[in-house]
Amino acid sequence: MTAETRGMNTTALAYIGDAVYEVYVRKHVMERETVHVDKLHQRSIRFVKAESQARAVRRLMAEDFLSEEEASLVKRARNHRTASKPKNADPVDYKLATAFEALVGALYLDGEIGRMDEIIAQAMKITEERK
């Protein structure tokens with residue numbers, strides 16, 4: 001990671017990471033089925049909900065899929081204090097989901113698209129394992 005993203009607020013990284021991940025999820029769902037937009041949205045929900053993202057990032061860390069620097073960013077983002085409270089998610093899952101989004105955002109901003117693709121693909125695979 002660049003010095004710039006290492007010094008960025010993790011909430012800002014999560015802000016951009018959320019948008020990037022959302023595009024990847026939408027593309028992923030559309031590649032599998034062409035159905036009505038409402039159904040596409042319903043199929044996307046399981047990928048973007050905090051519980052799924054938290055499960056994915058836990059597994060990525062447990063399986064040493066992340067580099068030391070990536071894991072460090074995830075931990076920093078997870079531990080970042082925030083005023084926002086989750087509406088429909090467990091607070092721990094919410095923090096881990098935000099950390100996952102921060103990682104995606106950092107990789108995106110650093111232009112590490114290949115690595116970001118690997119992490120997102122693995123996260124989606126983890127989510128799909130649980131149907």
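1. The model is predicted: local features need pLDDT of at least 70, side-chain atom pairs count only at pLDDT 80 or more, and totals for chains, interfaces and linings use all residues. Residues are numbered from 1 along each chain as its sequence is written, and side-chain values use heavy atoms, without hydrogens and water.

2. The axes of helix 2 and helix 6 (residues 91-109) come within 6 Å and cross at roughly 80°. Helix 2 and helix 6 are therefore roughly perpendicular (65 to 115 degrees). In contact (heavy atoms within 4.5 Å) are residues including Leu13, Ile16, Gly17 and Val20 of helix 2 and Glu101, Val104, Gly105 and Tyr108 of helix 6.

3. Helix 3 (residues 37-48) packs against helix 4 (residues 50-62) at about 45°, with the axes 5 Å apart. Arg46, Phe47 and Val48 of helix 3 touch Ala50, Ser52 and Gln53 of helix 4.

4. Tyr108, Leu109 and Ile113 form a nonpolar surface patch of about 250 Å². Such patches join nonpolar side chains within 5 Å, from residues with over 30% relative accessible area and no salt bridge. Ile113 belongs to helix 7 (residues 113-129). Ile113 counts as partly exposed because its relative accessibility is 33%, the class between buried (under 20%) and exposed (over 50%).

5. Asn9 sits in the loop between helix 1 (3-7) and helix 2 (10-32). Asn9 is also partly exposed, at 41% relative accessible area. Asn9 and Ala77 are 68 residues apart in sequence, and their C-alpha atoms are 8.4 Å apart in space.

Definitions and conventions. Patches are made of residues with over 30% relative accessible area and no salt bridge: like charges are joined within 9 Å, nonpolar side chains (Val, Leu, Ile, Met, Phe, Trp, Tyr) within 5 Å. Accessible areas come from the Shrake-Rupley method with a 1.4 Å probe; for residues, only the protein chains shown count as cover. A salt bridge is a side-chain nitrogen of Lys or Arg within 4 Å of a carboxyl oxygen of Asp or Glu. Helices (H or I, at least four residues) and strands (E, at least two) are DSSP runs, numbered from the N terminus. Buried means under 20% relative accessible area, exposed over 50%, partly exposed in between (1.4 Å probe, protein chains only). Axes are lines fitted to C-alpha atoms, for helices over the stretch in contact, and angles run from 0 to 180 degrees between N-to-C directions. Angles under 35 degrees count as roughly parallel, over 145 as roughly antiparallel, 65 to 115 as roughly perpendicular and the rest as oblique.
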